[in-house]
Amino acid sequence: MVHAQFDNSARQQLAIAAVEAKTRRDLSWQQIADAAGLSVAFVTAAVLGQHALPEPAAQAVAELLGLDDDAALLLQTIPTRGSIPGGVPTDPTIYRFYEMLQVYGTTLKALVHEEFGDGIISAINFKLDVKKVADPEGGERAVITLDGKYLPTKPF
């Protein structure tokens, strides 16, 4: 049976325990995703409390991290999503994404609507990828791909 949460505190506590176990075992998010058999972005989000994992993936993640059966079950529950509590984020990395949306949000909206019409980009039927690439001017660049299904607005 599928179960959903109404309060994200249990998943937050599980996320803390999972990240501690990840650190103790010196695992990467990619290694955890490989055990789950799903993408690194999806599994990372799930372990951090933003998605439910299918039972086999939840069992594999719990086993790899040394978590108990209750944790594996909790990883399968549909969470209360949203990880940035009120206001402007203070973590510098998260803040930069907030800043990007403050600067380019209206541009993204204008370009999406011009290309597709009135609607939204799904965050449910969605893929995320993060890659490190060499910068021709020196150093490295982050290439972040947000790939969501377009859902048109339907008059009713």
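Visitor: Is Arg 96 buried, exposed or partly exposed in this model, and what is the relative accessibility?
Guide: The model is a predicted one. In it, Arg 96 counts as partly exposed, because the relative accessibility is 42%.

Visitor: Which residue does Arg 96 form a salt bridge with?
Guide: The partner is Glu 99, and the closest N and O atoms are 3.4 Å apart.

Visitor: Where do Arg 96 and Glu 99 lie, and how are they separated?
Guide: Both belong to helix H6, which covers residues 92-116. They are three residues apart there, so about one helical turn separates them.

Visitor: And Glu 99, buried or partly exposed?
Guide: Glu 99 is partly exposed, with a relative accessible area of 32%.

Visitor: Why can such side chains pair at all?
Guide: Side chains of opposite charge can pair when their charged atoms come close.

Visitor: Changing topic: how many salt bridges are there in the whole structure?
Guide: A search of the whole structure finds four. Among them is the pair Asp 129 and Lys 131, whose side chains meet at 2.9 Å, N to O.

Visitor: What is the relative accessibility of Asp 129, and of Lys 131?
Guide: Asp 129 has 30% and counts as partly exposed. Lys 131 also counts as partly exposed, at 47%.

Visitor: Which side chain does Arg 141 meet in a salt bridge?
Guide: Arg 141 meets the side chain of Asp 135, with an N to O distance of 3.2 Å.

Visitor: Is Asp 135 buried or exposed?
Guide: Asp 135 is buried, because its relative accessible area is 15%, and buried means under 20%.

Notes:
Residues numbered from 1 in each chain as written. Predicted model: local features only at pLDDT ≥ 70, side-chain atom pairs only at ≥ 80, totals over all residues. Heavy atoms only, no water. Helix = DSSP H or I, 4+ residues; strand = E, 2+ residues; numbered from the N terminus. Buried < 20%, exposed > 50% of the residue type's maximum accessible area, 1.4 Å probe, protein only.
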